[in-house]
Structure formats: structure tokens, C-alpha cells
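Subject: Structure for you to look at

Hello,

Here is the structure I said I would pass on. Please open it beside this message and follow along.

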Amino acid sequence: SFAELAATDWKARLPQPVITGAPMVANVSGGSPLVPFMGQQITPIATPLIFSGISQETLSLFAPQLMAHGLMPVAAAGGEMPLGPMIETTPETLKPGTSVTAALVRGDYSLAASGTVTFRDGERIYAFGHPFLSLGRSSMPMAESSVVTVVPNLNNSFKLAIPGRMVGSITQDRATGIYGQLGQAPRMIPVTVRLHTSRNQLQTYNYEVMEDPFLTPLLLNLTLVNTMSSSERVLGDSTISITGNISVEGQAPVTVERRFSANNAPALAAGSIAIPVGQLMSSGFDNTHLGKISIDINSDDTKNIGTLDRIALSTTEVRRGDTFEIQAYVRTDSGKTFVQRIPVTIPSDIPSGPVLLFVGDGLALQQASAAQSFVPRELGQLIDAMNQVKKNDRLYVKLFRITPGAIIGTSEMPSLPPSMVATLNSDRSTGGITPTMLSPIMEKELPAAEFVVSGQQIIALEVLR
């Protein structure tokens with residue numbers, strides 16, 4: 001009765017939401033013919049994600065990551081979602097029962113999932129009736145689509161649909177379905193990739209990627225690997241040079257300049273773009289929105305690696321203001337040895353005493369530098385640190401003094417006086433600083449070499465009065 005319902009907790013009587021993405025144990029009653037299946041688990045069916053322009057080899061490489069998030073990658077020929085502005089909608093647009101497409105990538109590459117419109121309320125669209133990626137708040141293109149065929153499968157049948165032009169954006173991805181708004185443009189990241197192949201050809205790709213802290217780096221990684229593997233060799237050694245420019249709204253752009261020579265060079269090159277994008281989007285700073293990403297890739301079928309074997313100096317005793325020469329012996333992978341002569345000038349304002357001379361590749365210098373322990377306090381500081389990352393196709397020369405210093409926030413404070421060191425090491429405070437024992441004096445970046453350089457050497461010098 002109504003009185004009994006009012007006397008109980010009526011909220012407990014409401015249907016509870018189904019938890020998706022996790023296996024559920026099937027319970028059966030006694031005497032049921034399903035008793036033999038008791039204890040078996042029911043797993044939600046994965047959402048088919050249709051890939052256009054992506055090879056099966058690339059899909060196989062990234063399939064474990066996609067399937068871990070409830071997606072079933074399906075390679076399709078054609079059917080990409082074209083770039084372009086939204087088209088005008090009519091009362092017939094996305095009526096209940098029609099097919100709707102949610103896109104993660106659109107353009108020359110297309111990654112999209114299609115489903116059925118459940119209900120349209122004015123400009124509001126409710127569809128799928130199940131979660132897509134369980135992203136919660138989202139922003140991805142929404143388009144009409146035409147179902148070509150149904151692919152039958154005992155485990156997971158799905159519809160193969162061709163998306164049309166964009167009509168709005170999907171802004172919510174919840175347990176009960178997805179929600180979209182007609183006439184509202186999604187926030188997307190435009191990407192332009194120019195591939196200079198080993199056959200002296202130029203191939204240009206233009207597409208857009210949805211903005212999401214987790215998915216954007218994964219989608220960039222996938223599309224860049226596919227760009228290189230579709231035109232260049234996948235097995236065997238190769239050398240890939242990649243230059244990227246990542247725009248950030250309201251900030252200076254992030255520049256990437258790297259070179260890789262290995263049997264997995266395409267994956268390393270793609271990661272050099274995807275990793276900084278992931279760091280920016282997961283930094284936690286407010287209003288971190290990426291703009292256009294522009295990438296140039298140069299590919300070569302040969303392997304070009306050099307190793308710094310040794311260095312030789314004309315003297316180990318120098319005076320302030322003196323210039324001396326370093327001879328760096330670099331051995332290539334083919335066995336040839338090159339000698340690079342490097343003039344170095346001792347600063348005229350340093351005190352006398354021992355100093356350390358470092359000669360090595362960018363990664364070795366980055367690891368030896370205490371600045372890698374910095375903690376950015378704002379987005380601009382993080383971008384500055386990214387733009388100061390050392391390159392791996394050239395040598396660096398750096399002088400250090402053995403004297404106490406500290407890093408406070410993002411500022412390196414070398415050669416501190418004893419009174420300042422005592423203040424920073426006071427028993428009345430802790431944290432906020434990183435002590436250092438090597439204080440940089442000068443740094444010199446040499447021109448780019450024809451190969452990827454690795455190795456480091458350190459020699460002690462004595463600065464005379």
C-alpha cells in the first residue's frame with residue numbers, strides 16, 4: 001500500500017545502476033536448469049571501435065590498451081569521418097532509432113563508434129543505452145551515420161556504419177548512455193603530419209584528435225606509428241628525425257626535436273610527441289588546452305649511431321679567460337672514427353680551484369643535471385623545462401664546480417655561501433629544496449651531427465690564479 005511504501009526507504013526500492021566494466025557473477029535459484037553454469041562470470045560486451053586508415057598491424061600493436069578500456073578495435077576500409085564545419089540540422093536529424101556516430105579521431109584517420117539514438121529532446125540527443133568509454137564529461141564529434149551491414153558474431157555482433165558530417169558534440173558518457181548537443185562544436189586538437197619518406201616523397205596527413213588527458217596521447221601515439229609504418233620499413237634498423245610544435249593556449253609552444261636510430265625507431269619517435277602531450281594534459285594546471293600540433297618526420301632506411309669513445313685535452317691546468325681545445329673521438333656503428341675539435345673558454349669570473357669538465361650526449365647531461373629535480377609551479381615553467389630538454393644527436397660540453405647549491409622550486413641556485421646553506425638546512429624547516437653538490441659554470445651545445453650520439457666522459461681540471 002501507499003502507507004507501507006511511505007514508511008520504508010523508498011529510494012532503496014528504485015532500480016540500482018548497473019556497474020559496467022567489471023565481471024558479474026550469475027546467480028541462479030535452486031532447481032534451475034542453469035545450475036551447471038553457477039559461478040560463471042558475465043562480462044559486458046565491448047564497444048566496437050571502427051578504425052579507418054589504420055593498418056591491422058598497428059591495431060594489433062595497440063589492441064591490448066584499447067581492449068583494457070572496453071573497446072573492440074575493428075579495421076575498416078573507407079568510411080572515415082570527414083573534416084569540416086557542422087552542417088545545419090533539421091527535425092529529421094538523429095531521430096530515435098537512427099544511427100549516430102561518436103568519433104575520437106576524424107579526418108585522414110578515423111576512429112569512431114556507432115550506435116542507436118534512444119531519444120531526441122529538442123537539440124538534446126540521448127543514445128547508445130550503454131556506456132561508450134565511461135569518460136563522464138567529454139567532448140567529441142557527433143555525426144549521423146549510415147549502416148552498411150551487420151557483422152554477425154556469436155561473441156559480439158556489431159554494425160558497420162559510415163559516418164556523415166558532424167552535427168554536434170557528445171558532452172556526456174555515462175553508465176546509462178551518451179548525451180549530445182546538436183549545433184555545439186566539440187573541442188578538438190588539429191594535427192598536421194608531414195612525412196618525408198626515404199624515397200624523397202612528401203606525404204601530408206590532416207586530422208583531429210579529441211581532447212582527453214588519457215586518450216589524446218594514446219591516439220597520437222597510434223596515428224603517428226601508423227603514419228610511419230604505412231610508408232616506411234617496420235622490421236629492421238632505421239633512422240627517424242622528428243620535429244614537432246605543440247601549441248598551448250595562452251602559452252609559448254612546446255618544441256620537440258629528436259632523432260632515433262634503432263629497430264623500433266617509429267615507436268620511439270611517436271612517443272617523443274605523445275609523452276609531452278600527456279605531461280601537459282595531466283599536469284593539473286588550470287586551463288591547459290592544446291592548440292594545433294604540427295609535426296615533420298624524416299625517415300631513412302639506414303642506421304646512424306655514434307659512440308663517444310674518449311676525449312683528449314691540450315692541458316688540464318687553465319687560467320681564467322683561457323681557451324683550450326677538446327678532441328672528442330666518436331666511433332660510428334660501422335667502425336669509422338671521427339674527431340671533433342671543440343674550443344672551450346674558461347669564464348673570467350670563476351674562482352680558482354678544481355672544476356669538472358663534462359662531454360657527452362644530451363640524455364647523459366640531462367641525467368647529470370640537478371635541474372631534473374625541479375617542481376613547476378605554473379604551466380609556463382613546465383613548458384620552459386620541456387623546451388630545455390637536451391637533444392640526442394649532438395654533444396654537449398659543461399663545466400661544474402664542486403660546491404654546495406640548491407634547487408628551490410624551479411630555480412637553480414649554485415655556489416651558495418655557507419650562511420645560506422646553513423639557513424636552508426635549518427632544523428626548523430624541511431622540504432621545498434633539493435640540495436646539490438655540483439654547480440654549473442658554463443654550458444655549450446655543439447651543432448647537430450649526422451648520427452645519434454651516445455656516451456659521456458668527465459675530466460678534472462685545475463683553474464689557476
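**Strands and sheet**

Strands S18 (residues 323-332) and S19 run antiparallel and are joined by nine bridges. One of the bridged pairs is Gln327 with Arg341, the latter in S19. Before going further, note that this is a predicted model.

S18 and S19 belong to an open sheet of four strands, whose order is S19-S18-S16-S24. The pairing in this sheet is mixed. Strand S19 (337-345) and strand S24 (452-454) are the edge strands, each pairing on one side only. On average, neighbouring strands of the sheet are turned by 35° against each other, with direction ignored.

**Two packed helices**

Two packed helices are described by the angle between their axes and the distance between the axes. For helix H3 (residues 56-67) and helix H4 (residues 215-231), the angle is about 165° and the axes are 10 Å apart. H3 is therefore roughly antiparallel to H4, because an angle over 145 degrees counts as such. The crossing of H3 and H4 is right-handed.

Which residues make the contact? On the H3 side they are Thr58, Leu61, Phe62, Gln65 and Leu66. On the H4 side they are Leu218, Asn221, Leu222, Val225, Asn226 and Ser229. Sorted by class, the contact of H3 with H4 has six nonpolar residues, five polar ones and no charged ones. When you look at the spacing along a helix, keep in mind that an α-helix has 3.6 residues a turn, so residues three or four places apart point the same way.

Val277 is found in helix H5 (residues 265-281). Is Val277 buried or exposed? Val277 has a relative accessible area of 0%, so it is buried. Leaving out residues up to four places away in sequence, Val277 touches Thr216, Leu220, Ile246, Leu290 and Ile293. Val254 is 23 residues from Val277 along the chain, and the C-alpha atoms of these two residues are separated by 9.2 Å.

In helix H7 (residues 379-387), the buried residues are Leu379, Gly380, Leu382, Ile383, Ala385 and Met386. What covers the buried residues of H7? The cover includes H5, strand S13 (238-248) and strand S14 (254-262).

**A residue in strand S9**

Thr171 lies in strand S9 (residues 158-174). Its relative accessible area is 14%, so Thr171 is buried. Apart from neighbours within four places in sequence, Thr171 is in contact with Gly136, Arg137, Ser138, Tyr179, Gly180 and Gln184.

**Two positive phi angles**

Most residues other than glycine have a negative phi. Leu94 is not a glycine, yet its phi is positive, near 50°. Leu94 is found in the loop between strand S4 (71-76) and strand S5 (99-107). With a relative accessible area of 1%, Leu94 is buried.

Ser134 is not a glycine either, and its phi is also positive, at about 55°. Where is Ser134? Ser134 is in the loop between strand S7 (124-127) and strand S8 (136-151). Ser134 has a relative accessible area of 48%, so it counts as partly exposed.

Regards

Notes
Residues are numbered from 1 along each chain as its sequence is written. This is a predicted model: local features need pLDDT of at least 70, side-chain atom pairs count only at pLDDT 80 or more; totals for chains, interfaces and linings use all residues. Side-chain values use heavy atoms; hydrogens and water are left out. Axes are lines fitted to C-alpha atoms, for helices over the stretch in contact, and angles run from 0 to 180 degrees between N-to-C directions. Angles under 35 degrees count as roughly parallel, over 145 as roughly antiparallel, 65 to 115 as roughly perpendicular and the rest as oblique. A crossing is left-handed if the near helix is turned anticlockwise from the far one by less than a right angle, and right-handed if clockwise. Contact means heavy atoms within 4.5 Å. Ala, Val, Leu, Ile, Met, Phe, Trp, Tyr, Cys and Pro count as nonpolar, Asp, Glu, Lys and Arg as charged, and the others, Gly among them, as polar. Buried means under 20% relative accessible area, exposed over 50%, partly exposed in between (1.4 Å probe, protein chains only). Two strands pair if DSSP finds at least two bridges between them.
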